[in-house]
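Q: Please take a close look with me at one part of this structure. I would like to understand how it is put together, step by step.

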Protein chains: 2
Amino acid sequence: MEPTDEETNLWIALNKSQRAIYRAMDSELKVQGLPPLRWYDVLWELERTKRKGLRPFEIEKTHLFEQSNLSRLLQRLVEEGLVDVLDFPDDGRGKVLKITKKGRRMRKRMWAVYGPLIHKFMGRITDVDELNNASSTLKRLID
Amino acid sequence: MEPTDEETNLWIALNKSQRAIYRAMDSELKVQGLPPLRWYDVLWELERTKRKGLRPFEIEKTHLFEQSNLSRLLQRLVEEGLVDVLDFPDDGRGKVLKITKKGRRMRKRMWAVYGPLIHKFMGRITDVDELNNASSTLKRLID
DNA sequence: TTGATTTAGATGAAAATGCATCTAATTGGA
DNA sequence: TCCAATTAGATGCATTTTCATCTAAATCAA
């Protein structure tokens with residue numbers, strides 16, 4: 001069925017705003033000599049978990065990675081010494097990911113740029129209710 | 001400066017929702033044997049303009065294309081006969097883009113899939129005010 | 001007018017992404 | 001138990017995207 005104008009408008013706004021802001025952030029990270037935003041997702045997920053480590057497929061689901069894409073990103077993270085990929089004892093197919101000391105330091109350095117960038121862009125909305133309303137609407141789109 | 005939790009939540013929601021929905025849409029188009037969503041942006045922009053044609057840099061700005069990326073996308077569109085790229089008489093460096101008959105047909109075919117997909121996802125929000133509020137908040141992020 | 005700067009667009013090379021497929025291990029039924 | 005189906009992850013290949021750079025034209029300042 002055809003979308004209404006309001007539906008279409010939201011989709012366009014969602015797309016453009018995400019794209020514009022993501023680009024700006026990613027390129028600022030690069031300017032600062034830091035890795036892409038996507039690395040941050042993995043590092044932060046591994047750092048904040050209470051568990052001993054996470055499985056690749058868990059991160060894949062949470063952060064919407066393409067499986068092959070994550071697989072290769074992990075290879076890069078391992079090469080850089082930011083993450084360890086270990087065999088998962090309970091399942092011969094599986095791996096466990098753990099962030100390294102170096103990985104924690106890198107995540108922190110990235111956050112020092114990323115955090116303020118989030119504030120810079122999202123901070124254009126000063127009304128807390130408006131922020132929360134928008135979040136809740138967007139979340140509802142994909143539940 | 002550090003972002004507030006509400007700011008961070010919005011950024012995460014914005015990212016995830018856009019990514020999830022865009023992926024789903026793009027992959028549905030592919031399943032239907034149609035070109036990627038990005039092609040639609042160009043075709044539609046060229047079809048809806050009142051002017052005789054558009055310049056590549058205009059589309060680049062409106063739809064946030066990387067210059068080289070758009071340049072190559074245009075080559076593909078030309079190869080497929082969907083768009084004509086002509087020299088722009090008033091500026092020896094410039095080009096003018098015009099959609100072809102075939103391009104219009106393709107855009108229409110794509111819309112037959114894309115439109116309902118927009119409705120499918122955005123239609124999860126049934127309250128028109130909520131749709132409008134979210135659009136307005138998102139637009140404000142990048143003004 | 002002329003030389004420096006900017007702008008439009010193309011392109012080579014490298015990186016990222018997506019898709020299909022593969023291997024190996026696990027699970028689930030008959 | 002045994003075999004088919006599923007799942008985790010890796011990998012080859014093709015396409016897309018980005019980055020840096022290049023050419024040519026236009027603009028702008030002296």
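A: Let's begin with a term: two residues are in contact if their C-beta atoms, placed from the backbone, lie within 7 Å. This is a predicted model, in which local features need pLDDT of at least 70 and side-chain atom pairs count only at pLDDT 80 or more, while totals for chains, interfaces and linings use all residues. Residues are numbered from 1 along each chain as its sequence is written, and chains are lettered from A and ligands numbered from 1 in the order in which they are written.

You will find B:L10 in helix α1 of chain B; helices (H or I, at least four residues) and strands (E, at least two) are DSSP runs, numbered from the N terminus. If we set aside neighbours within four places in sequence, B:L10 has contacts with A:M122, A:L131, A:A134 and A:S135. B:L10 counts as buried because it has 28 C-beta neighbours inside 10 Å. (Buried means 20 or more other C-beta atoms within 10 Å of a residue's own, exposed means 12 or fewer, and partly exposed lies in between, with C-beta atoms placed from the backbone.) Within its own chain, B:L10 has its C-alpha atom 9.9 Å from that of B:L138, although 128 residues separate the two along the chain.

B:L138 leads us to helix α6 of chain B. B:L138 is one of the buried residues of α6(B), along with B:L131, B:A134, B:S135, B:T137 and B:L141. Looking down the helix axis, these buried residues fall within an arc of 165°, so they line one face of α6(B); the arc is that of the directions from the helix axis to the C-beta atoms. On the other side of the helix, B:V128 and B:D129 are exposed. What do the buried residues of α6(B) pack against? Their partners are α1 (5-31), α5 (101-122) and α6 (128-142) of chain A, together with α5 (101-122) of chain B. The length of this helix makes sense too: α6 of chain B has 15 residues (128-142), which at 1.5 Å a residue should span 21 Å, and its end C-alpha atoms are 22 Å apart, which agrees. (That expected span is 1.5 Å times one less than the number of residues.)

Now for the whole meeting place. Chain B and chain A each bring 43 residues to the contact. On chain B's side, α1, α5 and α6 each supply at least two residues, and α1(B) gives the largest share, 17 residues. By class, that side has 21 nonpolar, 12 polar and 10 charged residues. Here Ala, Val, Leu, Ile, Met, Phe, Trp, Tyr, Cys and Pro count as nonpolar, Asp, Glu, Lys and Arg as charged, and the others, Gly among them, as polar.

How are the two chains arranged? The same surface serves both copies, as 100% of the contact residues of chain B recur in chain A.
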